[in-house]
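Welcome! Let us take a walk through a protein together, starting with the overall picture and then stepping inside.

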Amino acid sequence: MSVWRALAGRGYLRSAWPWRAVAYLAGGALFGAVVLVVVLGGLVVGGALAVVLLGLPLLVLTALAGIPVAAVERWRLRVTGMGPALDGGHRVPDAPGLWVWLVTRVREAATWRELAYAVLLGLVLWPLDALVLVCALGIPLSMVAAPVFLALDGEVKAVKLWTVDTWPGALGVAALGLVLLATGAYALGVVAGARAELVRAVLGAKEDDGERVLHLVRSRARLVDAFEAERRRIERDLHDGAQQRLVALTMSLGLARLDVPPGPLADHLAKAHTEAGQALADLRELIHGIHPKVLTDYGLEAAVADAADRSPVPVDLDLHLPERLPQPVESAAYFVVGEALANVARHSGANRAAVSGGYGDGRLTLHIRDDGRGGADSARGTGLTGLADRVSVLDGTLSLSSPPGGPTLLRVEIPCRPRPSTDPCA
């Protein structure tokens with residue numbers, strides 16, 4: 001349970017939360033005073049010795065003082081129960097060594113947030129903690145102790161404002177002190193909760209937008225690479241395994257037909273031979289659809305030309321790619337063209353299609369056009385949503401223009417760079 005839920009409940013004064021708040025604020029006041037002395041001492045001594053360069057290491061250490069300060073503050077937050085354990089968000093250095101550690105820490109935004117918090121703690125927060133403790137705890141306790149002071153000294157000066165020298169007055173001051181002590185317990189909880197929220201906001205692990213975007217881009221790139229590697233592995237296993245067995249089976253059935261005299265058995269063998277040949281043709285088409293060999297060996301331009309030749313609808317091709325593109329880009333572009341031409345053949349009623357495009361200004365551009373009836377819609381299950389998702393993984397865009405009556409134009413843009421000349425696949 002958090003301090004805020006405890007404050008909203010009825011049993012706050014009977015719980016341990018007032019004591020936790022006192023411990024948290026008292027620890028902050030003491031620790032903040034120490035931080036002030038250390039930081040100011042480091043700055044003064046380091047600045048004085050910087051003239052002879054001896055103070056530079058001390059200034060660097062002072063700049064990194066926020067790291068241990070933040071660690072202690074997170075520990076205090078956890079030990080007093082004011083909040084869960086926090087991760088500072090510091091990265092693990094790429095290599096061992098003091099210099100690498102220093103460079104890594106200096107480049108992190110978390111280091112400078114922690115230094116800013118240390119300065120804030122030393123200059124502002126610990127005096128506030130001490131002031132709240134004095135007002136919410138010290139003054140009410142001194143009033144509660146008024147009868148004791150009266151018994152010892154014969155009089156008591158309540159809150160340094162008025163003198164009380166009678167027992168009814170001392171008891172009245174003590175009663176008022178109890179009321180203020182209960183009210184102060186709530187005030188301590190509120191201030192301690194606010195301080196804990198500040199620690200969580202400043203010292204908790206953060207990932208800025210740039211780092212988050214970079215992380216997402218890298219993760220997406222790894223997924224694309226893994227997807228392509230798995231696709232090519234399946235293609236290779238089918239080509240070298242199942243396809244070779246079907247070829248052997250077809251040859252065996254063909255030889256068996258030669259050795260069998262005409263009759264029912266020969267007819268069954270002939271039918272089995274035909275079915276095996278059809279299965280082999282289907283498997284070859286499946287392998288070609290998974291990852292055509294022409295795409296791997298000769299690139300996107302040749303693969304698109306092959307897809308255009310196999311299309312039932314005549315296709316005019318005007319695609320110029322002087323250099324090989326990254327494998328994920330070539331694969332995505334090829335399957336976009338293949339799926340688009342398949343959609344043209346199945347749904348458009350077109351008499352002719354055209355594929356054009358090229359590479360320029362750091363992006364691959366493709367246009368797939370047909371003279372069909374138009375009206376293409378991704379909501380009607382034509383595969384356009386899948387194509388758009390495939391392109392978007394590579395930060396590309398897919399746009400469609402398909403008014404009723406046609407024509408239909410599919411435009412694809414994928415940002416990329418040509419493969420380096422040293423790429424063995426180029």
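Predicted model: local features only at pLDDT ≥ 70, side-chain atom pairs only at ≥ 80, totals over all residues.

The protein's secondary structure comes to 14 helices and 7 strands. Of its 426 residues, 36% are buried. Its accessible surface is about 23,800 Å², and carbon and sulfur atoms hold 65% of that area. If you take the contacts with a separation of 6 or more, 68% of them link residues 24 or more positions apart.

Now for the inside. In soluble globular proteins, nonpolar side chains tend to be buried together. Here, the largest nonpolar core has 36 residues, and Leu300, Leu364, Leu366 and Ile368 are those with the most contacts inside it. Several elements each supply at least two residues of this core, including the helices α11, α12 and α14 and the strands β3, β4, β5 and β7. Helix α13 gives the largest share, 10 residues. Apart from this core lies another, of 29 residues, with Ala21, Ala70, Tyr117 and Leu133 among them.

Let us return to Leu300 for a closer look. Leaving aside residues up to four places away in sequence, Leu300 touches Leu295, Leu321, Glu330, Ala333, Tyr334 and Leu364.

Finally, follow helix α13 from end to end. Helix α13 runs through residues 327-348, 22 residues in total, and spans 30 Å from its first C-alpha to its last. That is close to the 32 Å expected at 1.5 Å a residue. Just after α13 comes glycine 349, which takes a positive phi of about 70°.

Definitions and conventions:
Residues numbered from 1 in each chain as written. Heavy atoms only, no water. Helix = DSSP H or I, 4+ residues; strand = E, 2+ residues; numbered from the N terminus. Expected span 1.5 Å × (residues − 1). Buried < 20%, exposed > 50% of the residue type's maximum accessible area, 1.4 Å probe, protein only. Contact = heavy atoms within 4.5 Å. Areas by Shrake-Rupley, 256 points an atom, 1.4 Å probe, with all protein chains shown as cover. Core = buried A, V, L, I, M, F, W, Y, C linked by side-chain atoms within 4.5 Å.
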